[in-house]
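The following exercises ask you to read a fold from its strands, helices and cores. Please work through each task with the structure open before turning to its solution.

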Amino acid sequence: MDSKILRPKHRASPVSDDLRLASYPPPYPDGWYRLMSSKSLRRGQVRYLECLGRALVVWRSEDADDVHAMRAFCPHLGANLGHGRVRKDRIECPFHAWQFSGDGRVACIPYSDNVPSRIVTESFPVEEVYGQIFLYHRGGGIRQQASDEVPYPVPRVREVDDGSFTFRGHHDGGRVRMHIIEIVENAADFAHFASTHGRMIIPWTQIPIPGVELEYTSSLEFDDDRPWTMRAQVRTVPKVFGRRLERAKGNGVVTYSGAGSILNFRLTIPGQREVALYQTHLPIAPLEQQVDFHWFANPGIPRLLVWYIVGNWISQWRKDVRIWENKVYAEPPVLCRDDGPVGCARRWYRQFFPDWQPARKPYAASAETDTVDRSRVAWPVSSPDAGGGAKEYDGADSPSVSAGETG
Ligand code: FES
Ligand SMILES: [Fe+2]
């Protein structure tokens, strides 16, 4: 299934990019990023790509499946290696035909044996997982090499590895004019679930289903053993004209690996039908993300059911997009007691911005009357409908705050 269904037309944000950008953290946090699908780079092919504030050349060897990525412009006299050709496992410049190996070294100069051995062009760690090509990016002006150790691997799905889940579809989410960090804050902003996602909509559309609302219960966890991950759980119960349908409840567990570049979903509906969904963001520009969805499921799950489960998520995601494309980053935010662990998520994702110093100390007390005591924050909201008790966390600075499940 290659889904290209009912994508809203792109509308330029009426809020200026300069104004919005000035409010946000740096645009390219450290982490793994999906560059392209494996099938778009066959053996011997080369591609030029601008993303993450870089110009990249990516190529696949002629005689093996290895993929290499390095700075696109030739260190000799600046030609674009993306216009070059692959020679065995090297890239050859289109200008004077120098050849470079995947580690960025000059491997051959066809008209000279005076090969500069100390010149090493920046190159990048690359992994290929489930038919996608990923690159590890480090910000802060750090010069990278393909052989660099990376802090964590591209996340995998056990059932895909053991063959019990197979690839079931891809949706090109297109270019979204948002900062990448918004997708992380989305998981911690519990209060927006009811206001933004409270209506059930027809999958793959923005058409609400009359009389059907969604009730949410959320939690967020951080893992001391895998500090690069954040795990969000969202449970939904539909209410039809006010009556809760427990039998139709759904469950979504989202594991974030890095600051929004890769999200792994586990979407479950009654009957334990599960779909594993990858959502990836590639920053083309500071406020422009290429978003892609790939999903996997047991081959026995009917195609229509998979379409329904994935389409529900993508339709709700589009509701966020309309907000994200027109907002700024509030720093520090003015939060109320029932907002959810926004502060915890912010402390967690700072690890991916090693050089970033927020302009103002987060959560500084203000004399304004709308300031709340953030030393103790309760969530989720305990409402008569939800029927669950609120849980509390200690708003200390530990990035490993864990919210217990509720409901
Ligand atoms: S500019 Fe690339 S070989 Fe001269
Ligand atoms: Fe959302």
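**Exercise 1.** In which sense do E17 and strand E18 (residues 262-269) pair, and over how many bridges?

*Solution.* The model is a predicted one, in which local features need pLDDT of at least 70 and side-chain atom pairs count only at pLDDT 80 or more, while totals for chains, interfaces and linings use all residues. Residues are numbered from 1 along each chain as its sequence is written, and chains are lettered from A and ligands numbered from 1 in the order in which they are written.

Begin with the terms: helices (H or I, at least four residues) and strands (E, at least two) are DSSP runs numbered from the N terminus, and two strands pair if DSSP finds at least two bridges between them. With these terms, E17 and E18 pair in the antiparallel sense over 7 bridges. Within this pairing, Tyr256 has Leu263 in E18 as its bridge partner. The hairpin of E17 and E18 has 4 residues between the strands, and there Gly258 takes a positive phi near 85 degrees. Next, follow E17 (residues 250-257) to E15, with which it pairs over 8 bridges, again in the antiparallel sense. In that pairing Thr236 stands opposite Gly250 of E17.

**Exercise 2.** Describe the open sheet of 3 strands, and state which strands stand at its edges.

*Solution.* The order of the strands is E3-E4-E5, and their pairing is antiparallel. Strand E3 (46-51) and strand E5 (67-71) stand at the edges with a single partner strand each, so one side of each is left without a neighbour in the sheet. On average, neighbouring strands here are turned by 25 degrees against each other, direction ignored, where axes are lines fitted to C-alpha atoms and angles run from 0 to 180 degrees between N-to-C directions. As for the bridges, 6 of them join E3 to strand E4 (residues 54-60), and Leu49 has Leu56 in E4 as its bridge partner.

**Exercise 3.** Determine whether strand E11 (residues 132-137) is mostly covered, and identify strands that bridge to it.

*Solution.* A residue is called buried if 20 or more other C-beta atoms lie within 10 Å of its own, exposed if 12 or fewer, and partly exposed in between, with C-beta atoms placed from the backbone. By this criterion 6 of the 6 residues of E11 are buried. Taking the faces in turn, Gln132, Phe134 and Tyr136 are buried on one side, and Ile133, Leu135 and His137 are buried on the other. Strand E2 (residues 31-37) is joined to E11 by 6 bridges in an antiparallel arrangement, with Tyr136 as the bridge partner of Trp32. Strand E10 (residues 126-129) is joined to E11 by 4 bridges, also running antiparallel, and Val129 has Gln132 as its partner. The hairpin of E10 and E11 has 2 residues between the strands, and Tyr130 takes a positive phi near 50 degrees in it.

**Exercise 4.** How many residues of helix H6 (residues 342-349) are buried, and what covers them?

*Solution.* Of the 8 residues of H6, 8 are buried, so the helix is largely enclosed by the rest of the structure. Its cover includes H3, strand E14 (208-222) and strand E15 (229-240). Turning to H3 (residues 182-188), we find Glu185 in this helix; Glu185 is buried, with 21 other C-beta atoms within 10 Å. Counting two residues as in contact if their C-beta atoms, placed from the backbone, lie within 7 Å, Glu185 touches Val342 and Ala345, residues up to four places away in sequence being left out. Glu185 and Pro341 are 156 residues apart in sequence, yet 9.1 Å apart in space, C-alpha to C-alpha.

**Exercise 5.** Which residues have the most contacts inside the largest nonpolar core?

*Solution.* A nonpolar core is a set of buried Ala, Val, Leu, Ile, Met, Phe, Trp, Tyr and Cys residues joined through C-beta atoms within 7 Å. The largest has 72 residues, and those with the most contacts inside it are Val275, Leu277, Trp295 and Ala345. This core draws at least three residues from each of domain 1 (28-154) and domain 2 (160-394), the bounds coming from an automatic or database domain assignment. Leaving aside neighbours within four places in sequence, Leu277 is in contact with Phe265, Leu267, Phe293, Trp295, Val310 and Trp313. Apart from this core lies another, of 5 residues, among them Val176, Met178, Val291 and Trp324.
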